[in-house]
Structure formats: C-alpha cells, structure tokens
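Hi,

Here is the structure I promised to pass on. Please have a look at it first, and then read my notes below.

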Amino acid sequence: MLKPGTILDDRYEIIDVVGTGGMSTVYRAKDERLKRFVAIKVLKSDYSSDQNFVSKFRAEAQSSAGLTHPNIVSVYDVCEDDGRYFIVMELVEGITLKEYINLNGRLSMSQAIDFSIQIASGLEAAHEHHVIHRDIKPQNIIVSKSGNIKVTDFGIAKAATSTTMSTTGIGSVHYISPEQARGGYSDERSDIYSLGITMYEMVTGRVPFEGDTNVAIALMHIQNEMIPPRQLYPDIYPSFEKIILKASQKKPERRYLTAAALIADLNRVKDNPSIDIIVAPATVTGAPTQQFTNEDMEKIKNGSANKAYDEEMEAAGKAAESSEVRPDRSRIEALLNQEDEDFYDERPARKGSLKKIDDEDDGYAMDDDYDEDDESDVDPKLEKAVMIGGIAAAVIVAVIIFVVVGNMMGWFSFGSKEKKTTEATTEASTEEAKIKMVDVVGLSEKAAEKDMKEAGFTNYQFVQENSTDVKEGYVISQNVEAGTDIAKDAQIIITVSAGAAELDVADVKGMDEDAAYETLEKQGFKPTRSYKFDDEIEEGKAISTDPAAGKKAKAGDTIVIYISQGKEEKTVKVPNLSGLTESAAKGALESNTLTAGNVSYEFNSEVASGLVIRQSVPADTEVKEKTTVDFVISNGAEKKSYKGTVTGSISTADETLAASTVTVNVYINDEGGYHLAYTTTQSGATIDVNGAAGGLGYNNGTVSFTVVDANGADVSASYNKSLTLSYQNE
C-alpha cells in the first residue's frame, strides 16, 4: 500500500486510496505536470513479479488506451517505477454499479434501460476497435455523480484470463459466459452475455446463479436455466425481459451478435415499453444456428414431410401418384424427431432447413456415463421405420412394374399411345421449365450463389448496393419473390450489400454543439458528444472530431464530437502571507499563479511596521488560478498628537526686578523634550502667562520657565510660579 505523498514516475503524487481488488489497488493522485487529478491502478506485487503477466498487461492496457468514448474510462498512460507497474486513468467521481445497486436496490425500468444503453455503447466502441473486455460486471462499471456510466478495465481482463484466471479466479464467476467458463474461445458475444447478467441484476437486485463454490456457479452458467426476471418481479417490462434472456443465451450464436443490435432493441423498448421484442429472429445474418418455437417446428415438420413425399413420388413416377400409394409417414416423422448434433454452417438456418439445437450440447463430453459401445446400438424405432420404408418401396416398385407391363399388353385403355406420349412430354417440359424461386435474402453472396446453382437457375446476376442495415457481402433483396414459379433461364437480380458508403467527415470546428451534431447526423453518421477543456475554443463550440475532419468513415459509424468547456479552471491553494513583507507577499502569490490585489496600510500595536497583518482570502483555501488576493500592511502602533496649554502667572518680591524689563519663556517638558508654550518681554512684579504648544506626542509633561533681565542674566530663581498645564487631543 502506497502512502499519501508518494511520488510515482517523478510526476504523480499519491493522495489517498480509492479502492482495492484482487489484482490491484486504485489511488487518487495528482498529475503535477498537467495539474490535474487522475486515478492510478497499481499492480499488486504478486503480479508485478510475473514478467509474462506484466508483458501481457502492458500490451492490453496500451491497446485499450486507444479507446475514446463518453462511456469508457480513458487510459492516459502505462508506467513502471522501481518495479511497480501502474496504469494512469481518468478519475471519475462516483461509485461502482455494484455499490449503486447495494445502496438503492433494484433499479427502475427507465434507469436500467438507460444504464444498459450506455454500457452497450461503450462495448460497441471497444468492439469496433477489436478490444474485448472479458470481465463485464457491475464492479467494473462506474456511476458518476452526474448519473453517467463509465466502463473501466478494458483490455486488462484479457491479460488476466490468459495468465492467471485458472489459479487466482480473477474475474467474477457470477457474470462469466459459458464459453469462458469452459475455457474456450470468447469474443464480443461473451461481453454481451456478461452484460445480460448485469442487466438481470439491475432489474432484480440479484444475480441469477449462486453456489457454494466458483466451480458450482460456473457449471450453472453452462447447464442451468436462470429464473426469468418477471417470475421474481412481474412489473419488469416483458420486452425488456426478452432482451435480457436473449443477451444471456447459453449458445453465443443465439445472443445478440453485436452491441449495436442490442442497443437498437433497448432503444425500441425505451421509446415503447409495450413493444414486442422477438428473442430469436427468423433469419440471423452470420449466425450458424437458430431457435424455433414449437409452432415453427410443427410447420417445418409438415413441410419437410411433404417434400420427402414429393421426392419419392417423383422417383416412383406418375403412375404411383395415380395409384395413390404413399410412403409411410411414420418413417419421416421418426427421422424428423431424431436429435442431430449441433454444427456450424457457413450460412444461417433458413426456412425449409431443419436443425434441432440442444442447449445442453456444448461440444464437450460432460457425461461420465458415456459409453462408446452405445454408438453401435440401433434405435428400435429407427429399425422399424427402415423396415416399413423398405416394404413401402417394394410396393411402389411392384405397382410401377404392373402399370408398365399392363400398358404394354393393352390391359389398360389410356387413349392412343401418341396422345399419352404428347401429354407426358408436355407435362415434363412444363415441370422442367418452371422452378420455384429460392429465398436467398440474408445469405452471404457465396451461400446465395450455391443455392441458386443447386436450384437449377442459370441466369442470375449479383449487383452491389450500399447499406447501413445489412452486413457487407450479404444479400439485401431479390427481384423475384421466394416461392414464385419461374423459368430456370429467366433473369434474376440479387442485390448484395456493399456495406455502408464511405463519406468524408465534415469539418464542424467552431460550430455550436447542436449544429455540429445535426451536420454529422445529416451526413448519415451517428454523432456522440465528449467534453473537454480548451484554451482557444469558446465554451459550447466544437473543437474537433474523431475521426478527424476530412477522414473517410462509413455511414452509420459513430463520430465523437469534442465540445469545448472553455479554459480549464485549475485550482491552487492560497499561501499564508501573515508576517511577510509587502514584496515577499506579492512574490508568494505570483509563484502560486495568483494575483496580488489591493495593498492597504493601518496602525497595529501587535504587528511590526511593514509586515502583513491579514489577507482577503484565508490561507490554504482552494481557489481558481489568477484569483486576486488583497492584503494589509502594518504601520506599527498608532501615534496620537496632543496640544498642551499653560495658564497662570509668575511673580517676584524683588522691587528692582519688578521695575525692570525682563524676558519670560514658559516650557512644557515631556519625554519628547522641551516645547515652548509662551514667551513675553515686560516688566512688573507679576507677569500673566497664557500659552500653548501643539503636536505633542505625550500628554503627561510638566511646566518650567526662565526669566532673563536686560543684561542677559538669568534671574529665574527670583521668581515664583503659579502655572497650570492641561492637554487636549489634536
């Protein structure tokens, strides 16, 4: 466990722990270089020491770093520091979907559908870049504070499963697909299965399979059918339940083949909850197997039985038809009811073909009671069917011989031989000239051509047409409806998808986000928005697109529009300015990308003159860069000014002095020195005094005087004073 303050790669400062799992610990950290907060996933030492795992881990993480989508947590970097391997990711403020369900219980239908669409959108973007998650579960899905969904750990699960899954149990077995549980090949449809289980938990508040051990739960995913959600909560939309059940089918080919198809159905249910969602469509392009309802199976049985009957009639000849001899239907029913092994074909199952799918047949010998000697045993029902079929065939042959010989011997009167020959020839010509058109819509071009040849058509042509709905190389339409009788040499046009048309991505830089969205949507793309800071582009305007403007992209492709959030408003802590000089305070603010504002001054008896007394924004407060901070400088203790007033008189008993002229000076004496308050030159025994001195710094002085005679001699000692000193503030 890393301590707060630890620096990784001379760049990332660990702040605190976000969470921990079996494989790694996630920390909240600050990127000192870019001044932003990030999440750092650090591999635990058990995995860091495994170089094989580390190499796979780095390769897969670097691959997922190329994914950019609003519903995917962005990977910024993959690093190593002193034997510690870690991934630097986007920091999303929120909680996992697992925590969200634990806190809120089962979700509402609208919220579950919205979350499902966002998760599937993230998967769609990843799958388009050939990145498969392999560990979709609520613990790897983050619900942000704004309610947006972010899928994390793309590409990392592959490294884990290929190296450590079997021994450490990485990845939650509660959401694992059957093919992953068997250790077999997994692809995009494995992610769709895990999403189906996640959707199940969102609407029910529980996982479908619980067991005492991981092995027991894994076997349930392979063998057991889960309880339909509506049996637990009848308020769940029937259409949403069908989507969940289809996404979590045991067989990969029975699930949604792409995340885009899943999103399409989710949007349909979102717009109209009462809509009927078909779990298994009649034709699934590219899927090797197909589900059939009991009604469908009955129709196929009847259709196949009649076809088998018609083939036997043709082999036996028209005579057998007239004799009304029909093959034993029980043999055909027996054949139809046999359980064929599941197999893969280059084209999808179609009307008229028969393929029964056993959900429990997964291609692995799971039954301990299996005996190879059983292969040689003959099913008594089949043996009986073969015997009856043989008898029926013998009867048909006997009838044919009887009719032919009887006609030659003239036993039967069927008209002239010439007339019968003409009629037979005309009938045969008509039969040969007209063929029922086969249904090739939804097949690959190769499979369609094979069907056309086998049906006997000779004049067909494949033309290409751009389509966003039909996969490239598959048949969109045919100009002759299936089942129509048509000459084998009639011209038939079969339209094959050339895929979506490639278009130049429009340049939307500087447009309002809605205008940019509409521009790309009108082009035929599927635009989506992503927001980020930009120092040049005004907030709310388009910065760029991915793919970039001018690049080629197919109609229907997702185009990410990056919308400006304006300049990034980075935050910093305000320094403590108390006790600093004015110049030092300004320097501290500038070094923290803050602005020194108004500087004022005031008297303060506690803070020395010239130092900061206080600041407008308290120290350690998080503020935006360039924020203005005011502060106050001390002028020291306040200096007051006083005025001292002296009143009264001085007198002498010396008659000679009283008769002479003298100069009198009266002073106020304090700590600041002597301050002249009054002066006069006159004669008399008593001299009145009324004077004042201003600008005094003290108000606690005394009074003194001097008397000088006309000769300049100091005669102060011959005088007595009667003086009063008073003060007032100036």
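Helix α20 spans residues 582–591, and its buried residues are Ala585, Ala588 and Leu589. Buried here means under 20% relative accessible area, exposed means over 50% and partly exposed is in between, with a 1.4 Å probe and protein chains only. Helices (H or I, at least four residues) and strands (E, at least two) are DSSP runs, numbered from the N terminus. Viewed down the axis of α20, the buried residues fall within an arc of 95 degrees, so they line one face of the helix; the arc is that of the directions from the helix axis to the C-beta atoms. Ser583, Glu590 and Ser591 are exposed on the other side of α20. The buried residues of α20 pack against β21 (595–602), β22 (612–615) and β24 (628–634), where contact means heavy atoms within 4.5 Å. After α20 comes Thr593, with a positive phi near 55 degrees.

A word on the basis: this is a predicted model, so local features need pLDDT of at least 70 and side-chain atom pairs count only at pLDDT 80 or more, while totals for chains, interfaces and linings use all residues. Residues are numbered from 1 along each chain as its sequence is written, and side-chain values use heavy atoms, with hydrogens and water left out.

Now to the largest nonpolar core, which has 51 residues; Leu97, Met199, Met202, Phe240 and Ile243 have the most contacts inside it. Such a core is a set of buried Ala, Val, Leu, Ile, Met, Phe, Trp, Tyr and Cys residues joined through side-chain atoms within 4.5 Å. Among the elements that give two or more residues to this core are α4 (109–128), α8 (188–204), α11 (238–247) and α12 (259–271). The most comes from α4, with 10 residues. Apart from this core lies another, of 20 residues, including Val646 and Phe705.

Helix α11 is mostly covered, with 7 of its 10 residues buried. Those buried residues include Glu241 and Lys246 as well as Phe240 and Ile243, and they pack against α4, α8, α10 (229–232) and α12.

How do α8 and α11 meet? Their axes come within 7 Å and cross at roughly 145 degrees; axes are lines fitted to C-alpha atoms, for helices over the stretch in contact, and angles run from 0 to 180 degrees between N-to-C directions. On the α8 side, the contact includes Ile192, Met199 and Val203, and on the α11 side Phe240 and Ala247.

Best wishes
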